[in-house]
Amino acid sequence: MIKLNGYEMKKIIRVKNLEYIYPDGTSALKGIDLDILKGESIGLIGPNGAGKSTLLLHLNGILGEGCGLIEILGMKVEEKNLIKIRQKVAIVFQEPDNQLFMPTVFDDVAFGPINTGYSEEKVRKKVKEALKEVGMAGYEKRCSHHLSLGEKKRISLATVLSMQPEILILDEPTSNLDPRVRRHLIELLNNLNLTKIVAGHDLELILEICQRVILLDEGKIVAKGETREVLSNKSLMEYHGLEVPLSLRHR
Amino acid sequence: MHLPEIDKFAHLKSPLHSWDARVKIVSISTLILSIVLLEDIRVAFLGLVLAIILVFLSKIPFSFVLVHLRWVLFFVLALFVVISLTVPGNLLIKLSFFSISREGVRLSLLISLRAISAALLVFPMLGTTRFYLTLKALQKIKIPAPLIQLLMFTYRYIFLFLDEEKRVFIGANSRGWVRKTNLSSLKTIGSLVGMLLVHSFERTERIRDAMVSRGYNGRVKTLDEFTLSAKDFIKASLIIAIALLLNLFRWIR
Ligand SMILES: Nc1ncnc2c1ncn2[C@@H]1O[C@H](COP(=O)(O)OP(=O)(O)O)[C@@H](O)[C@H]1O
Ligand SMILES: [Mg+2]
C-alpha cells in the first residue's frame, strides 16, 4: 500500500530550510526541509518540545513568516495567499475546547466556510455534510460545553472538513480519548481521502494511518522513512526519548 | 444574573419564547426605560405589576427569579434605609436621633419600585432566548462588535474557567492546603489565581490560533437565524404602547 513513487505524485507541501524563534528567544525550529506528496499520510513524531506543533502552525501561516520557504500547492505561504492557504490546509488542534470557540456546534462548523466567503446556502450545505461525515448529524443547535470529549473531537474535525481542505493536519488527535472513541476516530480518519499529517505520541495510530514518518527532535528532523522501519528502530527511538510501539516489538 | 444560567429556561414555550429576539429586546428595553423614568408612585406600582405579569407569562419560575434577584433586593434595601434617613422633609417618624421623612420614604419607594421592575423585566427579555441567539440579536441591532465578541467568548469559556478554578483549588487542597484567613493563605490564593490567569491567557492564544487557521480576520460572522412574523410586531406594539401609556399619565397631569 505504500505509494512513494515521487515521479508521478505532486508535491503538495514544500518546506525549505525553515527556522523559527519564538519572541521569547526559544529556538523552536532549526532548519527544516520537508516534502509531502499529494495523498500521503505522514506521521510527525518526537519528544515533547521537539517543535512538532510549531512546525504545523507554520503550514498555514499562523506564526508569521519565519526564515526559509514554505509552499503549499505551489503557493508561497505569505500574506497575499493566506486566505486561500487556510482554506486548503486545515488544522485540528489538540484540545477541542480551543477548537470549538463558538456558542453552538452549527456556528463552529460554519465559521470556516463563512470566512472562506461561501454563500449562505453553500455554508449550510457544507455544515450538514461535514457533521454527517463525522457521524454528528443533528447536533447543530447543541452547545459545545455540554458535549463529551469524543463528540467534541469529532465536531472539531467537522469544523475543518466543512472548508473542504486538501490537507488535514492533526495535532495529538487521540490524547485523552478512551479506546472506543479512539478507534472510532481512527476509522473516520482512515476513510478520509486527503493528504494527512498526524503529529503526536500515539504511535499505534500513526502505524495504522501513516505510510511515512518524520522524527523531530530539538527543532531538527533527525530521521524520516517508512513508518514501520523508523518506529521499529529501537536505538533511534530510545535515543530521542520515544519507545518502539508494542505491536512492533519482537518477543 | 449568573451568566451560565442566563438561558436555563430558554427551552420552555411561551409567548415570550416565541417572540423574535431582536424585537423582544428592543421592545422590553423600551419598557424598562419607560419604567425607570416614572415619577408617580402609583404608576410605578403599575409598572411592577406589569413586570410581574411578564415574568409570569414567560413561565420562568419565580423561585429562580428571586434567587437571582437577591443582590438587587439587597441593594434596594440598603438604598431604602439610606434615603429614608437622609432626605429631609415632613417628619414621618422620629426615633431618638433618627428621623424619617415622608419625602424620603416616597423617594426610596419609587426608586425601589423602578429598580425591581427593571431587574424583573430582564428575565422575560434575556431568559426566554438561548443566549447565543440573544447575542446574534444584539449584533443585528447594531451593538458594537467588540462588546458582542467579549460577551460571546465569556459565555463560551466561563464554564471552562470555573472548572479550571475548581481544579486548581482541589489540587492545592489535595496537597494539604486549607483556606484560612491569614497572610500565608492569602499568598497561596494569590499565586493560584495568578496561575489561573496565566492558563487563561495561554488558552486565549490557542483559541486565536484555531480561529486564524479557519480564516478569522477580526470579525466573527454567523448566519442569520431570524424570521419575522406579524405576531412579533403585534407583541412589540403592545409592549411599546404600554411603555408610552405609563408615561402618558405623567404628561396628562
Ligand atoms: N508560544 C510559545 N512561546 C515560546 N516558546 C514556545 C511557545 N510554544 C512553544 N514554545 C517552545 O518551542 C519549543 C517547541 O514547542 P512545540 O512546537 O510545542 O513542541 P511539541 O509540539 O513537539 O511538543 C519548545 O521548547 C517550547 O517550549
Ligand atoms: Mg505539541
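Trainee: Hi! Which residues does Ser14(B) touch, leaving out those up to four places away in sequence?
Mentor: Ser14(B) touches Leu57(B), Ser58(B) and Lys59(B), where contact means heavy atoms within 4.5 Å. This is a predicted model, where local features need pLDDT of at least 70, side-chain atom pairs count only at pLDDT 80 or more, and totals for chains, interfaces and linings use all residues. Residues are numbered from 1 along each chain as its sequence is written, chains are lettered from A and ligands numbered from 1 in the order written, and side-chain values use heavy atoms, without hydrogens and water.

Trainee: Thanks! Is Ser14(B) buried or exposed?
Mentor: Ser14(B) is buried, because its relative accessibility is 8%. Buried means under 20% relative accessible area, exposed over 50%, partly exposed in between (1.4 Å probe, protein chains only).

Trainee: New topic: how many aromatic pairs are there over all chains?
Mentor: Nine, from a search of the whole structure. Ring centres of Phe, Tyr and Trp (its six-membered ring) must lie within 6.5 Å; planes under 30 degrees apart are stacked, over 60 edge-to-face, the rest tilted. In one pair, Tyr20(A) and Tyr22(A), the centres are 5.1 Å apart and the planes at 85°, so it is edge-to-face.

Trainee: And how are Phe169(B) and Trp177(B) arranged?
Mentor: That pair is tilted, because the planes stand at 45°, with centres 6.0 Å apart. Phe169(B) is buried at 11% relative accessibility, and Trp177(B) is buried at 14%.
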